[in-house]
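This report describes a protein chain for a reader who is new to structural analysis. Please view the sequence and the model together before reading on.

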Amino acid sequence: MLRPFKFVALAIVAGGLLLVALAVTWPQIAAARLAPGSADPAAIAAAVDGGAGAPPAGGPEQGVVVNGYYWSFAAKFVCGLQLPNSNPVPGNGEPVVKPGNYATEINAHNPNYKQVPIRKKVIVLVDPAQGPIGREPNAQQPRVITGTILGPDFAMFDDCNALWALVYPAVPPPVPMPLFVGYLVYLSPLDLDIDAVYTAGTPGPLASTPTSVSIDVNRVTGKRIFIPAGAVP
């Protein structure tokens, strides 16, 4: 009769042989589980990486193919002066925002220790010349799509002047700026830190001392989205 310790020794040997068999056959098992037509792992890694590397020739926005899963950050901006309506017209209702002088500053920080190619889209909902063009059902598409490279542990910001220059490059930012409202959307293959700073003062000349000022800082939460090839130039 086998003693108990012999059963233990046999179990250990059998377990070791099973581990060796799994180590030898696991690559084949894993490969067999991939559905036909599955993307090559190297291609997946390249898509997630977004082609980050040295800035391509012709500018940072050139040569980077937007395709695959990306982080999308939609930051609201409210810029410009909404004056009090001293002669309200019946039927016009409320203004888009209450009277005030508004500014937005949107910050982007790359916490990754590699440079990241970024696409930026500007969607205008209140146009300085045409007013509230995005009121439902008049949805608006991106007015501008541009790109940049954000270095490892680098940060940058877009404010009302930068957004104005993107949308109206031929017109210097006016003082005071008319009401200008919309979204700045960042598309990035890697997660970023995006924060929006909103300030508002009482309406009046910029040289005058405001009687009240408010400030609010919001973290912009990113979403993972799939972007088909060719959807974003």
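Of the contacts in the protein chain with a separation of 6 or more, what percentage comes from residues 24 or more positions apart? The share is 76%. The model examined here is a predicted one.

## Overall architecture

The protein chain contains three helices and ten strands. Read from the N terminus, the order of these elements is α-α-β-β-β-β-β-β-α-β-β-β-β.

The chain has 233 residues, and 30% of them count as buried. Its accessible surface is about 14200 Å², with 64% belonging to carbon and sulfur atoms.

## The nonpolar core

The largest nonpolar core consists of 29 residues. Phe77, Ile106, Val122, Phe180, Tyr186 and Ile194 have the most contacts inside this core. At least two core residues come from each of several elements, including strand E1 (68-82), strand E2 (100-109), helix H3 (160-167) and strand E7 (180-188).

Beyond its neighbours within four places in sequence, Phe180 is in contact with a number of residues, among them Phe77, Val124, Trp164 and Val167.

Val124 lies in strand E3, which covers residues 116-127. Is this residue, Val124, buried or exposed? Val124 has a relative accessible area of 1%, which is under the 20% cut-off, and therefore counts as buried.

Apart from residues up to four places away in sequence, Val124 touches Ile133, Gln140, Arg143, Val167, Tyr168, Phe180, Val181 and Gly182. Val124 and Val167 are 43 residues apart in sequence, while their C-alpha atoms are 8.5 Å apart in space.

Key
Residues numbered from 1 in each chain as written. Predicted model: local features only at pLDDT ≥ 70, side-chain atom pairs only at ≥ 80, totals over all residues. Heavy atoms only, no water. Helix = DSSP H or I, 4+ residues; strand = E, 2+ residues; numbered from the N terminus. Buried < 20%, exposed > 50% of the residue type's maximum accessible area, 1.4 Å probe, protein only. Contact = heavy atoms within 4.5 Å. Areas by Shrake-Rupley, 256 points an atom, 1.4 Å probe, with all protein chains shown as cover. Core = buried A, V, L, I, M, F, W, Y, C linked by side-chain atoms within 4.5 Å.
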